[in-house]
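Thanks for coming, everyone. Let me put the structure up, and then I'll walk you through it.

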Amino acid sequence: MKRTISTDDAPEAVGAYSQATTDGSTLYTAGQIPLTPDGELLDGASIAKQTAQALDNVVAILESEDLDASAILKTTVYLADIDDFQEMNETYSTYFDAEPPARSAVEAGALPKGVDVEIEAVAILEP
Ligand SMILES: CC(=[NH2+])C(=O)[O-]
(Lines give C-alpha, C1' and ligand atoms only; values in the text may rest on other atoms or scores of the structure.)
Protein backbone atom coordinates (compact mmCIF):
# COMPACT_ATOMS: atom_id res chain seq x y z
CA MET A 1 0.00 0.00 0.00
CA LYS A 2 1.33 3.42 -0.89
CA ARG A 3 2.19 5.83 1.94
CA THR A 4 3.66 9.29 1.72
CA ILE A 5 6.44 10.32 4.11
CA SER A 6 6.79 13.81 5.54
CA THR A 7 9.23 15.27 8.04
CA ASP A 8 10.00 18.76 9.33
CA ASP A 9 13.68 17.78 9.38
CA ALA A 10 13.89 18.01 5.59
CA PRO A 11 12.73 20.92 3.42
CA GLU A 12 9.16 21.14 2.20
CA ALA A 13 8.62 20.26 -1.43
CA VAL A 14 9.14 23.13 -3.84
CA GLY A 15 6.54 21.69 -6.21
CA ALA A 16 3.85 19.08 -6.58
CA TYR A 17 5.60 16.12 -4.98
CA SER A 18 6.02 14.35 -1.64
CA GLN A 19 9.33 14.28 0.21
CA ALA A 20 9.20 10.50 -0.09
CA THR A 21 6.85 7.62 -0.75
CA THR A 22 6.90 3.95 0.13
CA ASP A 23 5.04 0.80 -0.80
CA GLY A 24 5.94 -0.71 2.58
CA SER A 25 9.18 -2.35 1.46
CA THR A 26 11.00 0.26 -0.61
CA LEU A 27 11.31 3.99 0.06
CA TYR A 28 11.71 6.52 -2.75
CA THR A 29 12.86 10.02 -1.90
CA ALA A 30 12.11 12.96 -4.08
CA GLY A 31 15.14 14.65 -5.54
CA GLN A 32 16.68 16.66 -2.71
CA ILE A 33 18.18 20.03 -3.54
CA PRO A 34 20.46 22.15 -1.33
CA LEU A 35 17.61 23.72 0.57
CA THR A 36 17.69 23.66 4.36
CA PRO A 37 14.71 22.52 6.42
CA ASP A 38 14.30 26.22 7.33
CA GLY A 39 13.97 27.14 3.68
CA GLU A 40 17.43 28.61 3.03
CA LEU A 41 18.50 27.91 -0.54
CA LEU A 42 22.26 27.26 -0.80
CA ASP A 43 22.32 28.03 -4.51
CA GLY A 44 25.50 30.11 -4.33
CA ALA A 45 27.37 27.69 -2.09
CA SER A 46 30.21 25.40 -3.10
CA ILE A 47 29.39 22.07 -4.72
CA ALA A 48 30.65 20.41 -1.54
CA LYS A 49 28.15 22.33 0.61
CA GLN A 50 25.31 21.82 -1.85
CA THR A 51 26.04 18.09 -1.99
CA ALA A 52 26.15 17.86 1.80
CA GLN A 53 22.81 19.65 2.21
CA ALA A 54 21.11 17.49 -0.42
CA LEU A 55 22.42 14.35 1.30
CA ASP A 56 21.54 15.68 4.76
CA ASN A 57 17.99 16.04 3.48
CA VAL A 58 17.98 12.48 2.14
CA VAL A 59 19.29 11.18 5.48
CA ALA A 60 16.72 13.23 7.45
CA ILE A 61 13.94 11.62 5.44
CA LEU A 62 15.40 8.17 6.12
CA GLU A 63 15.80 8.93 9.82
CA SER A 64 12.13 9.87 10.03
CA GLU A 65 11.55 6.18 9.23
CA ASP A 66 14.27 5.01 11.68
CA LEU A 67 16.65 4.29 8.81
CA ASP A 68 20.11 5.57 7.95
CA ALA A 69 22.26 5.88 4.85
CA SER A 70 23.08 2.16 4.97
CA ALA A 71 19.49 1.46 3.86
CA ILE A 72 20.06 3.16 0.51
CA LEU A 73 20.17 0.81 -2.47
CA LYS A 74 20.59 3.37 -5.24
CA THR A 75 21.02 7.08 -5.67
CA THR A 76 20.81 9.34 -8.65
CA VAL A 77 22.90 12.51 -8.62
CA TYR A 78 21.93 15.27 -11.01
CA LEU A 79 24.56 17.91 -11.66
CA ALA A 80 23.92 21.14 -13.51
CA ASP A 81 27.51 20.81 -14.77
CA ILE A 82 29.32 17.46 -14.97
CA ASP A 83 32.59 19.32 -14.36
CA ASP A 84 31.45 19.42 -10.71
CA PHE A 85 31.61 15.61 -10.52
CA GLN A 86 34.89 15.40 -8.59
CA GLU A 87 33.92 17.90 -5.90
CA MET A 88 30.50 16.31 -5.54
CA ASN A 89 32.04 12.85 -5.31
CA GLU A 90 34.49 13.81 -2.58
CA THR A 91 31.70 15.01 -0.29
CA TYR A 92 29.32 12.25 -1.35
CA SER A 93 31.85 9.56 -0.42
CA THR A 94 31.92 10.73 3.21
CA TYR A 95 28.26 9.69 3.65
CA PHE A 96 28.84 6.01 2.88
CA ASP A 97 30.98 3.14 4.07
CA ALA A 98 33.03 0.68 2.03
CA GLU A 99 29.88 -0.65 0.35
CA PRO A 100 28.15 2.45 -1.00
CA PRO A 101 24.85 2.28 -2.86
CA ALA A 102 24.63 1.90 -6.60
CA ARG A 103 24.62 5.34 -8.19
CA SER A 104 24.04 7.17 -11.42
CA ALA A 105 25.53 10.64 -11.84
CA VAL A 106 24.41 12.70 -14.78
CA GLU A 107 24.58 16.23 -16.06
CA ALA A 108 21.10 17.68 -16.08
CA GLY A 109 21.92 21.02 -17.65
CA ALA A 110 19.72 22.98 -15.27
CA LEU A 111 18.01 22.14 -11.99
CA PRO A 112 15.06 23.57 -10.03
CA LYS A 113 15.70 26.87 -8.21
CA GLY A 114 19.01 27.28 -10.05
CA VAL A 115 20.91 24.88 -7.79
CA ASP A 116 23.90 22.84 -8.95
CA VAL A 117 23.11 19.45 -7.35
CA GLU A 118 20.01 17.33 -6.80
CA ILE A 119 20.12 13.85 -5.26
CA GLU A 120 17.40 11.22 -4.95
CA ALA A 121 17.58 7.85 -3.25
CA VAL A 122 15.85 4.48 -3.22
CA ALA A 123 16.11 2.67 0.11
CA ILE A 124 14.96 -0.58 1.62
CA LEU A 125 12.76 -0.28 4.70
CA GLU A 126 14.15 -3.36 6.43
CA PRO A 127 17.90 -3.51 5.65
C1 LIG B 1 13.17 19.47 -6.50
C2 LIG B 1 12.33 18.37 -6.98
N3 LIG B 1 12.48 17.20 -6.48
C4 LIG B 1 11.34 18.60 -8.01
O5 LIG B 1 10.74 17.64 -8.50
O6 LIG B 1 11.14 19.73 -8.36
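**The ligand and its surroundings**

Start at the ligand: one of its nitrogen atoms lies 3.0 Å from a backbone N or O atom of Gly31. That is a polar contact, meaning a pair of N or O atoms within 3.5 Å; within protein, one must be able to donate a hydrogen and the other to accept it, and residues adjacent in sequence count only if both atoms are side-chain atoms.

Before I go on, a word on the source. This is a predicted model: local features need pLDDT of at least 70, side-chain atom pairs count only at pLDDT 80 or more, and totals for chains, interfaces and linings use all residues. Numbering runs from 1 along each chain as its sequence is written, and side-chain values use heavy atoms, with hydrogens and water left out.

Back to the ligand. In the side chain of Glu118, an N or O atom is 3.4 Å from a ligand nitrogen. Which residues are around the ligand? They are Val14, Tyr17, Gly31, Ile33, Pro112 and Glu118, each with a heavy atom within 4 Å of it. Taken alone, the ligand exposes 220 Å², and the protein buries 74% of that. Those areas come from the Shrake-Rupley method with a 1.4 Å probe; for residues, only the protein chains shown count as cover.

By class, the shell has four nonpolar residues, one polar and one charged. Nonpolar here is Ala, Val, Leu, Ile, Met, Phe, Trp, Tyr, Cys and Pro; charged is Asp, Glu, Lys and Arg; the others, Gly among them, are polar.

**One salt bridge**

Next, charge pairs. Side chains of opposite charge can pair when their charged atoms come close. The count here is one salt bridge, taken as a side-chain nitrogen of Lys or Arg within 4 Å of a carboxyl oxygen of Asp or Glu. The partners are Arg3 and Glu65, at 2.9 Å, N to O. Arg3 sits in strand S1 (residues 3-5) and Glu65 in the loop between helix H1 (47-63) and strand S4 (72-79), so the pair ties together parts that are 62 residues apart in sequence. Helices (H or I, at least four residues) and strands (E, at least two) are DSSP runs, numbered from the N terminus.

The cut-offs: buried is under 20%, exposed over 50%, partly exposed in between, with a 1.4 Å probe and protein chains only.

Thr7 is in the loop between S1 and strand S2 (20-22). Thr7 is buried, at 10%. A polar atom of its side chain lies 3.0 Å from the backbone nitrogen of Asp9. Beyond four places in sequence, Thr7 is in contact (heavy atoms within 4.5 Å) with Gln19, Ala60, Ile61 and Ser64.

Thr75 is in strand S4. Thr75 is buried too, at 1%. Its contacts, again leaving aside neighbours within four places, include Tyr92, Arg103 and Glu120.

Val115 is in the loop between strand S5 (102-107) and strand S6 (117-124), and is buried at 2%. Its C-alpha is 7.0 Å from that of Pro34, 81 residues away along the chain.

**Positive phi**

Last point. Asp66, in the loop between H1 and S4, has phi near 60 degrees, a positive value in a residue other than glycine. Asp66 is exposed, at 74%. Lys113, in the loop between S5 and S6, has a positive phi as well, near 65 degrees.
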